Amino acid sequence: MTRTQTHHPLTNALVAKLRDPARPVALNDLTAVHQGAAPGKAVYPFVVYNIAVGAYDYLFGNDTTLIAMVDVSVFSRSSVQAEDLDAAIAGWLSDQSLTVDGQTTLLCRRVASIPAAPDFDDEGTKGFQ
């Protein structure tokens, strides 16, 4: 019987890496890491992540590989800070081996950048992604 993993240990590893005390000083400004969406009164700057794709690759025997793509976005009141934090996160996660419970090593690589236009919150204040 094939033991199929879920994406949950992957997101746990990602969040643990983003919160790692050994992270670059540039990431110390981040206030929080949120899954899916941040609450309405979230303090900037923060990170939001979502599983975009979680495809399974079935191998011979009982092995399964979960290939996941995760959207990681930084939100800030400053476009410069958002870009700086995005670059710091990309540098911190790029080619890192993450510890994933119940799975073999996960290697992170950035596969795309998708710029977004500024947006306004309920109070009319501009935010940048």
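This passage walks through the fold of the chain, from its overall make-up to single residues.

The structure is a predicted model, in which local features need pLDDT of at least 70 and side-chain atom pairs count only at pLDDT 80 or more, while totals for chains, interfaces and linings use all residues. Residues are numbered from 1 along each chain as its sequence is written, and side-chain values use heavy atoms, with hydrogens and water left out.

The chain holds 2 helices and 7 strands, where helices (H or I, at least four residues) and strands (E, at least two) are DSSP runs numbered from the N terminus. Read from the N terminus, the elements follow the order α-β-β-β-α-β-β-β-β. Of the 129 residues in the chain, 28% are buried; here buried means under 20% relative accessible area, exposed means over 50%, and partly exposed lies in between, with a 1.4 Å probe and protein chains only. The accessible surface of the chain is about 8,300 Å², and carbon and sulfur atoms account for 53% of that surface. Such areas come from the Shrake-Rupley method with a 1.4 Å probe, and for residues only the protein chains shown count as cover. Among contacts (heavy atoms within 4.5 Å) with a separation of 6 or more, 52% link residues 24 or more positions apart.

Next comes the sheet. An open sheet of 3 strands is arranged in the order S1-S2-S3, with mixed pairing. Strands S1 (33-35) and S3 (64-75) stand at the edges with a single partner strand each, so one side of each has no neighbour in the sheet. From one strand to the next, the twist averages 35°. Two strands pair if DSSP finds at least two bridges between them. S1 and S2 run parallel and are joined by 3 bridges, and valine 33 has valine 47 in S2 as its bridge partner. S2 and S3, in turn, pair in the antiparallel sense over 12 bridges, with aspartate 57 opposite threonine 65 in S3. The loop between S1 and S2 contains proline 45, which is joined to tyrosine 44 by a cis peptide bond with omega of about -10°.

Helix H1 (residues 8-19) lies across S1, S2 and S3 and runs at about 145° to S2. Helix H2 (residues 79-93) lies across S2 and S3, at about 155° to S3. For these angles, axes are lines fitted to C-alpha atoms, for helices over the stretch in contact, and angles run from 0 to 180 degrees between N-to-C directions.

Leucine 10 belongs to helix H1 and is buried, with a relative accessible area of 6%. Its C-alpha atom is separated by 9.4 Å from that of isoleucine 51, which is 41 residues apart from leucine 10 along the chain. Threonine 11 also lies in helix H1 and is buried at a relative accessible area of 4%. Apart from neighbours within four places in sequence, threonine 11 is in contact with Tyr49 and Ile51.

Valine 53, in strand S2 (residues 46-58), counts as partly exposed because its relative accessibility is 36%. Together with Met69 and Val111, Val53 forms a nonpolar surface patch with about 260 Å² of accessible area. Patches are made of residues with over 30% relative accessible area and no salt bridge, joining like charges within 9 Å and nonpolar side chains (Val, Leu, Ile, Met, Phe, Trp, Tyr) within 5 Å; a salt bridge is a side-chain nitrogen of Lys or Arg within 4 Å of a carboxyl oxygen of Asp or Glu.
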